Structures are given as structure tokens and as C-alpha cells.
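Me: I'd like to learn how to read a model like this one, feature by feature. Could you walk me through it?

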Amino acid sequence: MRLARPEDAPAIGVLARRVVRRWILPEQPAEAAGPLLAGMSAKVIRRKMSDGQRFHLAFVGDALAGIIAIREDCHVFQLFVGTRHQGQGIARKLWRRVLKDSTRRAGTRYFTLHAAVGAVPVYLRLGFEPNASAKAPRSRLVTVPMIYRVSSPRHRKDLLR
């Protein structure tokens with residue numbers, strides 16, 4: 001695992017778009033596809049990096065297997081694992097890396113995200129909870145606002161690993 005560099009943007013975009021097309025778009029309104037996929041171009045990803053958003057990458061051999069992206073050290077906006085690498089603990093490893101990195105760097109006490117409906121079980125296993133008080137995103141995506149509270153007693157072990 002490592003932090004992404006600008007030259008990784010094309011590979012990040014390819015993996016993200018593949019996962020989104022396979023697992024997220026089928027449950028979304030048709031009009032959500034264009035804006036969602038456009039936000040995963042190499043140009044947009046490089047701009048996000050230059051704006052301080054952090055992309056962490058997981059590899060299996062030389063192949064990019066997973067991505068987690070965070071902004072402001074508290075909002076996860078991408079967590080994708082390639083279909084052939086799912087079920088191997090990659091999402092959990094990426095999440096723990098961001099959890100440790102953000103709590104160390106910024107003292108983050110909670111994390112938020114907007115989960116695709118089909119991804120909710122994954123986020124529940126990672127320790128996130130539905131967050132009814134969160135605002136819905138401005139996009140047309142159907143999502144479930146979720147939160148991870150670092151201070152929760154059940155999450156202490158995640159910081160120690």
C-alpha cells in the first residue's frame with residue numbers, strides 16, 4: 001500500500017470506473033451515471049490530489065487492486081476494490097490505513113461517507129453506522145449517509161492494529 005501520486009491518476013480512474021459500472025450504477029438513476037463517471041477522470045483525480053485530497057492505493061503484485069480516497073481527513077469519498085480482488089480483506093486494510101493516517105495527522109474523531117446502497121453491508125462491517133443527521137449530497141445518487149465514531153469503544157482496536 002502507498003499514497004497515490006499524480007501519475008497514478010489514470011489507473012485510479014480505470015479501476016474506479018470499472019467498479020462503479022459493475023456494482024454502483026445498476027442501482028442508480030440513469031442521469032447519475034454521467035456526472036459520477038466524469039468525476040473519475042485522470043484530470044479530475046489529479047486536481048483532487050492537488051487540492052489536498054488523499055488517495056491510498058493497494059496492490060496485488062503490480063496490479064492496482066483497491067483505492068480509498070479522503071478529503072479534509074474526515075470524509076471518505078471513494079473506497080473501491082477491483083472485482084477479482086474483493087473478499088480478500090483489501091477494503092479493511094485500506095480503511096485501517098486511512099483511519100490511522102487521519103487520526104495521526106489531524107486528530108480526526110469521526111469519519112463520514114455516502115454509501116451506495118449495495119455497499120452498506122461492507123461499511124457496517126468496517127464499523128460505520130447509518131447517520132440520519134447527515135445532509136444528502138447534492139448529486140442525484142441514491143446513497144446512505146454513514147458515520148464512524150473513533151471514540152466508540154468498539155473501534156479502539158482498529159487504531160491499535
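Reply: Let's begin with burial: buried means under 20% relative accessible area, exposed over 50%, and partly exposed in between, with a 1.4 Å probe and protein chains only. Here, buried residues make up 47% of the 161 residues in the protein. Bear in mind that this is a predicted model, where local features need pLDDT of at least 70, side-chain atom pairs count only at pLDDT 80 or more, and totals for chains, interfaces and linings use all residues. Residues are numbered from 1 along each chain as its sequence is written, and side-chain values use heavy atoms, with hydrogens and water left out.

Me: How many helices and strands does the protein have, and in what order do the elements run?

Reply: Helices (H or I, at least four residues) and strands (E, at least two) are DSSP runs, numbered from the N terminus. The protein has six helices and seven strands, and from the N terminus on they run β-α-α-α-β-β-β-α-β-α-β-β-α.

Me: What share of the contacts links residues 24 or more positions apart?

Reply: Contact means heavy atoms within 4.5 Å. Of the contacts in the protein with a separation of 6 or more, 61% are between residues 24 or more positions apart.

Me: Now a helix. Which residues of α3 are buried?

Reply: The general idea comes from helix geometry: an α-helix has 3.6 residues a turn, so residues three or four places apart point the same way. In α3 (residues 42-50), the buried ones are Ala 42, Val 44, Ile 45, Lys 48 and Met 49. Seen down the axis of α3, they fall within an arc of 165° (taken from the directions from the helix axis to the C-beta atoms), so they line one face of the helix. On the other side, Lys 43 and Ser 50 are exposed. The cover over the buried residues of α3 includes α1 (9-24), α2 (33-38), β2 (54-60) and β4.

Me: What lies at either end of α3?

Reply: Gly 39 sits in the loop between α2 and α3. Not counting residues up to four places away in sequence, Gly 39 touches Val 44 and Lys 48. After α3 comes Gly 52, whose phi is positive, near 100°.

Me: Is His 56 buried or exposed?

Reply: His 56, in strand β2, is buried, because its relative accessibility is 2%. For its side chain, look for a polar contact: a pair of N or O atoms within 3.5 Å, where within protein one must be able to donate a hydrogen and the other to accept it, and residues adjacent in sequence count only if both atoms are side-chain atoms. One of 3.0 Å joins the side chains of His 56 and Arg 97. Setting aside residues up to four places away in sequence, His 56 also touches others, including Leu 3, Ile 67 and Asp 101.

Me: And where is Asp 73 placed?

Reply: Asp 73 is in the loop between β3 (63-71) and β4 (75-81), and is buried, with a relative accessible area of 11%. The Asp 73 side chain makes a polar contact of 3.2 Å with that of Ser 102 and another of 3.4 Å with that of Arg 105. Leaving aside neighbours within four places in sequence, Asp 73 is in contact with residues that include Arg 54, Thr 108 and Phe 111.
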